[in-house]
Amino acid sequence: MNSNNTIAPFSDEYFMKQAMQEAHKAFEADEIPVGAVIVSNNRIIARSHNLTERLNDVTAHAEMQAITAAANFLGGKYLKDCTLYVTLEPCNMCAGALAWSQISKIVYGAKDEKRGFTKFTPSPLHPKTKLISGILEDESANLIRSFFAKKRN
């Protein structure tokens with residue numbers, strides 16, 4: 001953030017806010033509220049959110065949808081020089097797909113204590129992939145908590 005409390009353009013916070021917008025779309029669609037964007041050269045090339053309920057597909061996580069959209073946009077399967085912003089720590093399945101994509105950087109918001117990849121496999125990512133956590137962590141975690149509280153009522 002800069003001195004007047006606005007989010008600087010092209011910062012991790014700026015792009016995570018974009019991922020949060022996707023998470024809110026998932027929330028409104030009664031999907032687990034996880035959102036993702038993939039950025040290349042400070043440009044969003046893919047936006048997605050969980051679609052597991054709508055598509056009746058357990059693999060339709062926000063990250064998986066974003067990987068496919070970004071690869072289609074770039075015309076190739078590798079996401080070198082790209083960054084994934086995702087509101088919740090990726091699961092093992094998504095971390096494996098991200099490793100295969102050779103994505104350069106992953107930034108996530110809230111830690112997933114039950115299913116996050118760092119709990120099970122500390123380093124399944126490509127060796128050159130940078131990992132940053134905790135960006136908009138509280139906002140991301142609160143949205144997930146709200147979703148599951150709503151489900152319990």
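Which element gives the most to the lining of the largest pocket? That is α6, with five residues.

## About the model

This is a predicted model, in which local features need pLDDT of at least 70, side-chain atom pairs count only at pLDDT 80 or more, and totals for chains, interfaces and linings use all residues. Residues are numbered from 1 along each chain as its sequence is written, and side-chain values use heavy atoms, with hydrogens and water left out. Helices (H or I, at least four residues) and strands (E, at least two) are DSSP runs, numbered from the N terminus.

## The sheet

Let's begin with the strands. An open sheet is formed by five of them, in the order β2-β1-β3-β4-β5, with mixed pairing; two strands pair if DSSP finds at least two bridges between them. At the edges stand β2 (43–49) and β5 (130–133), each with a single partner strand, so one side of each has no neighbour in the sheet. From one strand to the next, the twist averages 15°.

β3 and β4 run parallel and are joined by five bridges. Thr83 has Lys105 in β4 as its bridge partner, and Val86 has Tyr108 in β4. β1 and β3, by contrast, pair in the antiparallel sense, over five bridges. Seven of the seven residues of β3 are buried, so this strand is largely enclosed by the rest of the structure. Buried means under 20% relative accessible area, exposed over 50%, and partly exposed in between (1.4 Å probe, protein chains only).

## A look at Ser40

Ser40 is part of strand β1 (residues 35–40). Is Ser40 buried or exposed? Its relative accessibility is 12%, so Ser40 counts as buried. Apart from neighbours within four places in sequence, Ser40 is in contact with Ile45, Asp81 and Cys82, where contact means heavy atoms within 4.5 Å.

α6 lies across β3 and β4 and runs at about 60° to β4. For these values, axes are lines fitted to C-alpha atoms (for helices, over the stretch in contact), and angles run from 0 to 180 degrees between N-to-C directions.

In helix α4 (residues 92–101), the buried residues include Cys94, Ala95, Ala97, Leu98, Ala99 and Ser101. Their cover includes α3 (62–74), β3 (82–88), β4 (105–110) and α5 (117–120). Just after α4, Gln102 takes a positive phi of about 60°. Over in helix α5 you will find Phe117, which counts as buried because its relative accessibility is 0%. Phe117 and Cys91 are 26 residues apart in sequence, yet their C-alpha atoms are 4.8 Å apart in space.

## The largest pocket

The largest pocket holds about 700 Å³ of space. Of its 23 lining residues, the closest to the centre are Ile32, Leu88, Asp112, Arg115 and Phe148. The elements that give two or more residues to this lining are α2 (52–55) and α6 (137–152). By type, the lining divides into ten nonpolar, three polar and ten charged residues. Here Ala, Val, Leu, Ile, Met, Phe, Trp, Tyr, Cys and Pro count as nonpolar, Asp, Glu, Lys and Arg as charged, and the others, Gly among them, as polar.

On a 1 Å grid over the protein atoms alone, a pocket is an open set of points where a 1.4 Å probe fits, with protein on both sides within 12 Å along at least five of seven lines; lining residues have an atom within 4 Å of a point. Grid points are joined across faces, edges and corners, and a volume is the space filled by probe spheres set on the points.
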